[in-house]
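Thank you all for making time this morning.

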Amino acid sequence: MSYKRAEHILPAEIIELIQNYVDGESIYIPRKDNNRREWGERSNIRNELDTRNQQIYDDYQQGYEIIELVKKYFLSEKSIQCIILKMKKTV
């Protein structure tokens, strides 16, 4: 997220109105609903995690033990269990 100086993008009247509510404080102005992106959409991390989780589930289906998956994927036992449970529900 980048910051922009209000006086460079907003009319003085709007700045004065905002100052009535937040004088000198930082505020967050959310995106319009139609401009919002899902988490990981820009960086593609969501797809990478989905692929990894599918690999974990495939390994589990092929007989890997939870403890082996913990070591292979560097995740906690609880994380592996949650991934497997979630994948079982989607199949």
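Let me begin with Asn 53, which lies in helix 3, where helices are DSSP runs of H or I of at least four residues, strands are runs of E of at least two, and both are numbered from the N terminus. Before going further, please keep in mind that this is a predicted model, in which local features need pLDDT of at least 70 and side-chain atom pairs count only at pLDDT 80 or more, while totals for chains, interfaces and linings use all residues. Residues are numbered from 1 along each chain as its sequence is written, and side-chain values use heavy atoms, with hydrogens and water left out.

Is Asn 53 buried or exposed? Asn 53 is buried, with a relative accessible area of 12%, given that buried means under 20%, exposed over 50% and partly exposed in between, using a 1.4 Å probe and protein chains only. Leaving aside residues up to four places away in sequence, Asn 53 touches Ile 83 and Met 87, contact meaning heavy atoms within 4.5 Å.

Turning to helix 3 as a whole, the buried residues there are Asn 53, Ile 56, Tyr 57 and Asp 59. Seen down the axis of helix 3, these buried residues fall within an arc of 160 degrees, so they line one face of the helix; the arc is that of the directions from the helix axis to the C-beta atoms. Among the elements that cover the buried residues of helix 3 are helix 4 and helix 5. Just after helix 3, Gly 63 takes a positive phi of about 110 degrees.

Finally, helix 5, in which Ile 80, Ile 83, Ile 84 and Met 87 are buried. Viewed along the axis of helix 5, its buried residues fall within an arc of 95 degrees, so they too line one face of their helix. These buried residues pack against helix 3 (45-61) and helix 4 (66-73), whereas the face of helix 5 turned away from its buried side carries the exposed residues Lys 78, Lys 86 and Lys 89.
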